[in-house]
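Okay, everyone, thanks for coming.

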Amino acid sequence: MSATGATDRGAPTVVRATQPDDRRHLRYLGPVARYLGTSASVVERQLPFVSLFVLAMAGVLVTGLAPTSGVAIALAVGLVVVVLLLAALVPWHRLPALAPEVLTLVQFVVVGALRYGTGGPVSPFAGMVLLPALTLSSRAGFPGVVVGSVSAAVSVLVGLWLSPTGAISGPVVVRSLFVAAIAWIIGLFVHETTTRLRSRNDALAGLQKEQATLLRHARRAASELERAVALRRAAYDQLVSVIDSATEQAIIATDATGRIEVFNAGAERLLGHRQGEVVGRLHLADLHLREEVLARTGEDPDGDVQGALIAALVGRRRGAAGSPDADWTYVRADGSQVTVHPAVTRRTEPDGSVAGYVVVATDVTAEREAARLKDQFVGLVSHELRTPLTSVLGYVELLLDGTEEISDDQREYLGIIDRNARRQLRLVTDLLLTAQVDAGTFSIAPVEVDVAAVVRASIASAGPSAAASGVALAGELQPVHVHADPVRLGQAVDNLVSNALKFTPSDGTVRVSVGPADGGGARIAVSDTGIGIPPDELVHLTERFYRASTATHRAIPGVGLGLSITQAVVEAHGGAVDITSTVGEGTTFTIALPARPPG
């Protein structure tokens with residue numbers, strides 16, 4: 001904001017603000033000032049000239065100066081009274097700003113009349129003409145300088161012309177005009193001075209307004225900053241209380257370099273370090289098992305282990321959330337080790353730069369040990385059961401196919417033994433396959449195979465079961481050749497078909513279709529009109545030992561391994577399993593296989 005602009009816009013406000021102030025400070029007129037209304041400042045402007053005129057009149061009376069014209073002196077006195085009355089009675093605030101300067105012009109007439117009445121060229125009051133000239137110069141700008149000087153010259157020359165002596169000498173004229181010249185020079189000086197002063201005052205007024213504006217903004221900003229600081233302090237205190245109250249998880253915050261800044265009570269309990277021993281002294285890598293960090297990051301022992309660890313923690317996980325592959329090993333203060341599952345997030349600055357990291361680590365040592373023992377138990381039991389079951393099935397087959405005659409009841413009993421033993425053998429086989437998947441030893445032997453032939457065999461095997469259940473089993477099979485393991489693929493399709501038959505009521509339908517997939521490969525779909533699965537349970541169907549609520553409510557037998565095995569087989573081929581279902585209407589499992597397995 002420029003000073004000029006501030007003055008132009010603020011000028012009316014300044015006038016209204018100063019008028020009341022002028023009325024309060026009219027000390028010269030005393031109580032009369034209260035009755036002069038809004039034109040009080042105009043009256044006050046006439047006071048210097050009126051005071052000087054009164055002194056001149058007093059000088060005439062005291063010194064006994066003989067007047068040369070009583071009429072002229074009376075005219076001068078009358079004009080002064082008129083000026084005061086006009087100043088007091090005219091509503092100048094309704095007129096243009098320079099209208100009151102008419103009274104100043106009248107002062108030139110008063111000076112001329114006074115000079116004429118007190119001796120003309122030899123009057124001692126010739127210098128009074130400078131006062132109205134200076135008034136115009138200070139208030140009316142450069143035009144006022146011109147008008148004031150010309151008016152002074154006219155006043156002097158008219159007075160000389162009307163001089164009663166009638167004799168005007170050259171020195172008298174020069175002296176009189178010199179007064180006008182002095183008025184011109186002094187007027188220019190006063191104009192220049194007042195102009196600069198006015199400009200400085202305008203600039204000062206503008207600066208004061210800007211200062212007031214800045215002060216308001218600063219106070220507002222300070223108030224907002226104070227509120228923001230209070231809110232941030234409250235949020236920080238709340239965060240600290242939440243962090244300190246979390247005793248089951250270790251919460252560790254670091255700066256961008258990995259230096260530890262926060263170490264909560266849960267971290268103290270988990271790792272055995274005191275907060276004062278860690279904060280600002282240790283890095284995150286100092287808590288990890290160094291050999292594990294080097295093995296997972298491939299970092300040189302002399303390299304930037306801290307940076308490599310942070311990159312590994314915030315990067316893409318090696319395993320699914322909750323899997324052992326996403327676990328890390330911490331070293332306690334006493335040297336013992338603990339397995340943790342960390343969740344790491346970045347802390348960023350407003351400009352997007354990394355301010356640090358927050359690690360929330362959960363102790364999963366007992367959980368991982370229990371899972372390991374369970375897998376070990378499953379593998380051990382599966383191996384121990386497979387051998388006797390194979391032996392039982394072999395002897396049952398010998399008895400059924402032997403040369404000795406057996407009764408119908410005995411043959412029925414042997415058939416029951418055979419069915420149950422084969423059922424147990426399938427369960428053991430599934431358990432073994434599950435153990436192989438968990439151990440990472442599950443493999444396939446792909447060859448070129450017609451997927452339709454594999455599915456056709458599964459439909460044929462499930463035919464008797466479908467007929468016994470009263471379920472229609474149909475197939476729409478198009479020949480599609482891919483590279484796959486026919487045994488494992490048949491096992492996956494068998495699981496889907498048997499599941500569909502198991503969960504489809506009598507008079508229902510199970511439909512199996514095979515066709516080419518978009519972009520190559522094969523597509524296998526198994527659809528049923530069964531009981532369906534709730535939408536929120538679909539994501540859990542391929543988990544081991546998981547069973548849908550619709551199956552448990554109807555007490556449908558099963559252990560929940562078939563779909564997890566199907567998922568493992570399909571993923572080993574590089575394919576994917578998609579499940580869609582509606583409760584009470586049915587379920588569709590879709591297998592998408594690539595033309596060749598990966599690798």
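So, of the 599 residues in the protein chain, 37% are buried. Keep in mind that this is a predicted model. For secondary structure, we've got 17 helices and 12 strands in the chain. If you take contacts between residues at least 6 apart in sequence, 63% of them join residues at least 24 apart. And the accessible surface comes to about 33,500 Å², with 60% of that belonging to carbon and sulfur atoms.

Now, the inside. The largest nonpolar core has 32 residues, and the ones touching the most other members are Val 451, Val 455, Val 482, Leu 489, Leu 501, Ile 524 and Leu 541. Several elements each supply at least two residues of this core, including helices α14, α15 and α17, along with strands β8 and β12. Apart from that core there's another one, of 25 residues, with Phe 263, Leu 294, Leu 309 and Leu 313 among them.

Let me zoom in on Leu 501. What does Leu 501 touch, leaving out residues up to four places away in sequence? Ala 462, Ser 465, Ala 466, Val 471 and Val 510.

Val 146 sits in α6, and with a relative accessible area of 31%, Val 146 counts as partly exposed. Patch members need over 30%, so Val 146 clears that cut-off at 31%.

Note on methods. Residues are numbered from 1 along each chain as its sequence is written. This is a predicted model: local features need pLDDT of at least 70, side-chain atom pairs count only at pLDDT 80 or more; totals for chains, interfaces and linings use all residues. Side-chain values use heavy atoms; hydrogens and water are left out. Helices (H or I, at least four residues) and strands (E, at least two) are DSSP runs, numbered from the N terminus. Buried means under 20% relative accessible area, exposed over 50%, partly exposed in between (1.4 Å probe, protein chains only). A nonpolar core is a set of buried Ala, Val, Leu, Ile, Met, Phe, Trp, Tyr and Cys residues joined through side-chain atoms within 4.5 Å. Contact means heavy atoms within 4.5 Å. Accessible areas come from the Shrake-Rupley method with a 1.4 Å probe; for residues, only the protein chains shown count as cover.
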